[in-house]
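Hi,

Here is the structure I said I would pass on. Have a look at it first, and then read on for what turned up.

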Amino acid sequence: MTRFLALLLALCTAAPALADDIFCEQPWFTRNLIFDRAGFCFSSPLGQALFDNSDCTGTDITLPERDRAGIDMILELEEYSLCDIDSSATTLEHLVQFEYLREMDVIPIPVEHESGCMGYLGPILPLRTGPSNSARVLEQELEPGMSIGFGSLAESGWEFVSIYPEDWDGGAIGHGWVNFHRDFPECEQYAG
């Protein structure tokens, strides 16, 4: 069984996450990155360590509907997973694994269950910083033979993906928004 299939099986059958688990840290970081971009002023040591308060406007901020709905979904995910991030800390153990979110113009909303595509069969597609053809193109492209991880809410026909080499070795080699111009990409095999 490939490492990715084993990981997906573990994710789908696992009990709720532990408080310092990456599956709690990433939703926490995503939620607070949305707040940071809206001008929220962080008071906790962790919030101040990870986000720039120099341009904050206060704690009573207004979020666009898309972000408000996303925050609600993330909070539900964190509650379901029994997440309890220590905001008195000054870093997250797995921060390096989701720093790429800072590059995105539109922050993807994580979902509870992940899925994957092994052996992508479609054309070369650019990864973008947002779900739009006008969003900036990122350096890495999705190429035939790669594998794709899906773990975020689709938006307007766009998917936020993590891409991996065909053998899944070394972890993700890119992240971004992609439009497959259909419901789902053609792949040799699906998981999740």
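Let's start with a cysteine: Cys-56 comes out at 25% relative accessibility, so it counts as partly exposed. Before going further, keep in mind that this is a predicted model.

Cys-56 has a partner, Cys-41, and the two form a disulfide with an S to S distance of 2.1 Å. The torsion about that S-S bond is about 95°, which makes the link right-handed. The two ends sit in distant parts of the chain, 15 residues apart: Cys-41 is in the loop between H2 and helix H3 (45–50), while Cys-56 is in the loop between H3 and H4.

How many disulfides does the structure hold? There are three, and counting bonded cysteines along the chain gives the pattern 1-4, 2-3, 5-6.

Next comes the bond between Cys-24 and Cys-83, with the sulfurs 2.0 Å apart. This link is left-handed, at -85° about the S-S bond. Cys-24 belongs to helix H2 and Cys-83 to the loop between helix H4 (65–80) and strand E1 (110–120), so the pair ties together parts that are 59 residues apart in sequence. Both Cys-24 and Cys-83 are buried.

The remaining disulfide runs from Cys-117 to Cys-187, S to S 1.8 Å. Its torsion is about -100°, so this disulfide is left-handed. Here the link is between strands: Cys-117 lies in E1 and Cys-187 in E7 (residues 187–191), so parts that are 70 residues apart in sequence are tied together. Cys-117 and Cys-187 are both buried.

Now for the helices. Is H2 largely enclosed or largely open? Of its 16 residues, 13 are buried, so H2 is largely enclosed by the rest of the structure. Have a look at the start of the helix too, where a side-chain oxygen of Asp-21 comes within 2.7 Å of the backbone nitrogen of Phe-23. Just past the other end, Gly-39 has a positive phi of about 100°.

H4 also has 16 residues, which should span 22 Å at 1.5 Å a residue, and its end C-alpha atoms are 23 Å apart, in agreement. Which residues of H4 are buried? They are Asp-67, Gly-70, Ile-71, Ile-74, Leu-77 and Glu-78. Looking down the axis of H4, these buried residues fall within an arc of 125°, so they line one face of the helix. The spacing makes sense in general terms: an α-helix has 3.6 residues a turn, so residues three or four places apart point the same way.

What do the buried residues of H4 pack against? Their neighbours are H2 and E1. On the other side of H4, Glu-65, Glu-76 and Glu-79 are exposed. Just after the helix, Leu-82 takes a positive phi of about 55°.

That's what I have for now. Happy browsing!

Definitions and conventions:
Residues numbered from 1 in each chain as written. Predicted model: local features only at pLDDT ≥ 70, side-chain atom pairs only at ≥ 80, totals over all residues. Heavy atoms only, no water. Buried < 20%, exposed > 50% of the residue type's maximum accessible area, 1.4 Å probe, protein only. Helix = DSSP H or I, 4+ residues; strand = E, 2+ residues; numbered from the N terminus. Polar contact = N/O pair within 3.5 Å; in protein donor to acceptor, adjacent residues only side chain to side chain. Disulfide = S-S within 2.5 Å. Expected span 1.5 Å × (residues − 1). Arc of directions from axis to C-beta. Contact = heavy atoms within 4.5 Å.
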